[in-house]
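Please read these notes with the sequence and the model side by side.

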Amino acid sequence: MQYRSIGNTTVSAVGLGAMPLSIEHRPDEQRAIATLHAALDAGVTLIDTADSYHWHAGEAGHNELLVARALARYGRDTSHVLVATKGGRGRPGDGSWTVTATPAHLKRAAEASRKRLGVEAIGLYQLHKPDPAVPWAESVGALRELLDAGTIRAAGISNVTTGQIREAHAILGDDLVSVQNQYSPAAREREPELRLSRQLGLAFLPWSPLGGIRRSSLDGPSAPTSAGTAFHRIATERGVSPQQIALAWLLTRSPAVIPVPGASRPASIQDSAKATELELSEADLAQLDGAPSR
């Protein structure tokens with residue numbers, strides 16, 4: 001396993017996105033716990049969750065509680081594992097997602113997340129998405145208050161523009177440690193945010209990092225899947241999965257990048273973790289840096 005930094009914390013270069021373990025089509029708890037334990041066995045020390053990762057109405061925090069149970073049952077020391085959670089989004093239970101990033105809501109949500117995770121302070125708390133009804137500085141200001149109160153140890157922001165990153169950095173300074181935006185072989189529009197994150201010393205955590213390679217957990221069963229891309233061709237040549245090639249490629253994009261692929265089976269996260277062992281050649285990168293063919 002390779003390692004990278006989020007603020008002053010060292011984590012595995014590939015994390016685990018725990019969302020598929022709690023949303024639609026989620027596995028039973030036995031398999032979910034096994035998946036989390038497989039991640040730990042593979043050397044993964046970053047687990048990404050959120051209070052809104054659930055399926056039905058009335059079960060906010062389902063994923064956080066699941067992660068907490070998995071860590072408690074692991075049987076070995078997990079003090080080195082960074083659990084990053086998020087607040088500011090909701091799920092009414094009809095499949096939709098809402099956004100509420102008022103300071104009052106974020107402070108209540110962070111405290112509830114802290115209790116569900118069973119920690120004195122949340123290692124990394126991320127503002128899930130800007131709320132168009134709330135001035136950005138006010139939402140970020142709530143993170144400042146949570147830091148000052150000791151509810152959270154470090155702050156991150158998600159689904160943001162370069163302007164929002166700069167404004168948040170001006171408010172939070174070194175306590176802002178990460179940016180989590182969509183970025184994948186098929187979604188490369190966030191290059192400016194990636195470059196700025198590296199310039200400011202922020203970790204960049206791509207969500208849905210396998211877009212263009214396999215179907216996302218949020219895609220419907222009829223969503224198209226890609227095949228025949230350069231990622232697939234090189235995977236065949238190397239005798240590994242296209243997912244491994246995609247994650248290895250992401251790691252070459254910047255030292256700031258720490259992908260958090262989702263998984264709902266132990267084998268999936270075990271495969272993803274192996275991406276840190278792959279070395280891509282210049283010839284490989286020349287093919288992969290072009291947009292994937294469909």
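1. A residue is called buried when its relative accessible area is under 20%, exposed when it is over 50%, and partly exposed in between. Gly212 has 13% relative accessibility, so Gly212 counts as buried. The model is a predicted one.

2. Where is Gly212 found? Gly212 sits in the loop between strand S11 (203-204) and helix H7 (230-238). Gly212 and Glu111 are separated by 101 residues in sequence, and their C-alpha atoms are 36 Å apart in space.

3. Helix H2 covers residues 62-73, which makes 12 residues. At 1.5 Å a residue H2 should span 16 Å, and the C-alpha atoms at its ends are 17 Å apart, which agrees. After H2 comes Gly75, with a positive phi near 85°.

4. Which residues of H2 are buried? They are Asn63, Glu64, Leu66, Val67, Ala68, Ala70 and Leu71.

5. How many salt bridges does a search of the whole structure find? The search finds 15. Glu29, Arg69 and Arg73 are joined in a network of salt bridges.

6. Arg76 forms a salt bridge with Asp41, and their closest N and O atoms are 3.0 Å apart. This pair links distant parts of the chain, 35 residues apart: Arg76 is in the loop between H2 and S5, while Asp41 is in helix H1. Arg76 has a relative accessible area of 54% and is therefore exposed.

7. Lys107 and Glu145 also meet through their side chains in a salt bridge, at 2.8 Å from N to O. Lys107 belongs to helix H3 and Glu145 to helix H4 (residues 136-149), so the pair links distant parts of the chain, 38 residues apart. Lys107, at 31% relative accessibility, counts as partly exposed, and Glu145, at 41%, counts as partly exposed.

8. The side chains of Arg238 and Asp284 form a salt bridge of 3.1 Å, N to O. Arg238 lies in helix H7 and Asp284 in helix H10 (residues 282-288), so the pair ties together parts 46 residues apart in sequence.

Conventions. Residues numbered from 1 in each chain as written. Predicted model: local features only at pLDDT ≥ 70, side-chain atom pairs only at ≥ 80, totals over all residues. Heavy atoms only, no water. Helix = DSSP H or I, 4+ residues; strand = E, 2+ residues; numbered from the N terminus. Expected span 1.5 Å × (residues − 1). Buried < 20%, exposed > 50% of the residue type's maximum accessible area, 1.4 Å probe, protein only. Salt bridge = Lys/Arg side-chain N within 4 Å of Asp/Glu carboxyl O.
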